[in-house]
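Below is a short note on the aromatic contacts and on one strand of the model. The points can be checked against the coordinates in turn.

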Amino acid sequence: MPDFKLVKGTKEYFPPESAALYSLEKTARRIFKIFAYQEARFPILEDSRVFSRGLGKETEIVEKQIYRLYPLEKNICLRPEGTAQAAKNVISHNIYRQKEIMKWFYIGPMFRGERPQKGRLREFSHIGAEFIGAGSYWADAELIKIASLILSESGIKDYSIEINSLGCVKDKQALKNILKEKLSSKKNLLCPNCRQRLQGNTLRILDCKNPGCREIVSSLKINHSYLCTSCRQHFDSLCRALEQLKTPYTINPVLVRGLDYYTQTVFEIKSSKLGAQDAVGAGGRYNNLIQELGGPQIPAAGFALGMERMLMLMPVKKISPAAKVFVAYTSKNVYNYAFEILTLLRQHSISSDIDFLGKSLKAQLKYSQKLGARITVLIGDDEIKQGKIIVKFMKESLQKQINEDELLDTVNNYLEKYA
RNA sequence: GUGGGUGUAGCUCAGCUGGCAGAGCACCUGACUGUGGCUCAGGUUGUCGUGGGUUCAAAUCCCAUCACCCACCCCA
């Protein structure tokens, strides 16, 4: 037999961890519904040009990390993110002509061809939202609020929201020029990567991890002077809106995003408990992406949360029971009957199970407990002759004999009250 | 792509200067012949990552290789 190994950068989830993933999804769906976002489902296979055009020319590495199906299909890849895909769909179906505003959420796998490390997989899952069609700072505020709510409602406490504004295209260029100008004299003090970045992805110098670069960056005293009046107003208003929504935030003037498409608002949700990959979610405004992909100029904003990273921050949940009721039997003579009882319970949507291995009653009880059953229904050879069944309440360690026709009521009453 | 670390039972790991492959947890059985948790007794589980070398003898030393982890990088 071949030695099957887990594919690099993938992760398997078994119970009970897999249940946490599900509850995460449930929480997100609940909150999206409250905020009137509807689910969009896009294919995992996508035209790679959607991403190579949308994500930027300066970020060449992005191109390298795209999972391609080449040579099977020349321009098909496994999607690396949801935003560009959403933007593409707005254009290709002319949806913007039917609706002025599109509020979408999506949950699903994304792929990147990176070397895995803590919090970084090749196949991972995003919970994302896109608000397309409004340039209002209230849209930004709403998105940040939703992201924050999904985290807190999932029981995650250790996170902080950092926001910044890159301004419009002109402002971004102005910021780059300021950096180039101020750093030209200090070029030799920068790390080799940042020296390279001076030519290309200049803004990335701002969040370089190298201590030397950090010191230089902080000595530059970057402020929002590069923002034009309207971008400045947008940012200030967003801050007020977040305060009104009671969403705590901090302004991080050196927060930048790696991708080209961001304009004005950018934000990142960080946690110190994640390791080097400390962002549990990120997003921002992308007013020009749809245009760059060949559509009209439609303002939009969005975010994505990393589900696996969220899972690392979530409190460990109690194992949810695999079955609420377990049917035990005293001898093989009554197994048929026991299975009939099991079927009856299941017909009434009661989560239930039975032994399939011919185990001793003692072992069955043990198994019942392991499953987390609240009730064990005991089918005894002696009792069954008089139409009686034993119902045992596991937690209370109490049991009583009832008539067969009382079973459903007894079980339902108990489960309603205590389980 | 670059660097560091780790690979021994299902899980967490111990195993020194080479000398019979170990512990805890988990799992199974019994004490308790029809009743879970606690206790006690017993039991199952291994290509010591893989390939080669040194040696009378290798989990242990050497070389190679693979995998995973962490970090750089990058960040959706």
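This is a predicted model: local features need pLDDT of at least 70, side-chain atom pairs count only at pLDDT 80 or more; totals for chains, interfaces and linings use all residues.

1. One is formed by Tyr-37 and Phe-131: the ring centres are 6.3 Å apart and the planes meet at 80 degrees, so the pair is edge-to-face. The angle for that label has to be over 60 degrees. Tyr-37 is in the loop between helix H1 (17–34) and strand E1 (38–39), while Phe-131 belongs to strand E6 (residues 123–132); the pair therefore ties together parts that are 94 residues apart in sequence.

2. Both members of that pair are buried: Tyr-37 has a relative accessible area of 4%, and Phe-131 has one of 8%.

3. For Phe-339 and Phe-356, the ring centres lie 6.0 Å apart with the planes at 75 degrees, so this pair is edge-to-face. Phe-339 is in helix H13 (residues 335–347) and Phe-356 in the loop between strand E13 (352–354) and helix H14 (361–371); the two are 17 residues apart, and the pair links distant parts of the chain.

4. Tyr-37 and Phe-131 also belong to one aromatic cluster, together with Phe-32, Phe-105 and Phe-303.

5. Of the 7 residues in E11, 7 are buried, so the strand is largely enclosed by the rest of the structure. In a regular strand, side chains alternate between the two faces of the sheet. Here both faces are covered: one side carries Ala-300, Gly-302, Ala-304 and Gly-306, the other Ala-301, Phe-303 and Leu-305, and all are buried.

6. Which strands pair with E11? E6 runs antiparallel to E11 and is joined to it by 7 bridges. Within this pairing, Glu-130 stands opposite Gly-302. Strand E10 (residues 279–285) also pairs with E11 in the antiparallel sense, over 5 bridges, and Gly-283 of the chain stands opposite Phe-303.

7. A separate contact involves a charge and a ring. Where does the charged end of Lys-11 sit? The charged end of Lys-11 is over the ring of Tyr-13, at 5.3 Å from the ring centre.

Notes. Residues are numbered from 1 along each chain as its sequence is written. Chains are lettered from A and ligands numbered from 1 in the order in which they are written. Side-chain values use heavy atoms; hydrogens and water are left out. Rings of Phe, Tyr and Trp (its six-membered ring) pair if their centres lie within 6.5 Å; planes under 30 degrees apart count as stacked, over 60 as edge-to-face and the rest as tilted. Helices (H or I, at least four residues) and strands (E, at least two) are DSSP runs, numbered from the N terminus. Buried means under 20% relative accessible area, exposed over 50%, partly exposed in between (1.4 Å probe, protein chains only). A charge sits over a ring if NZ of Lys or CZ of Arg is within 6 Å of the ring centre and within 35 degrees of the ring normal. Two strands pair if DSSP finds at least two bridges between them.
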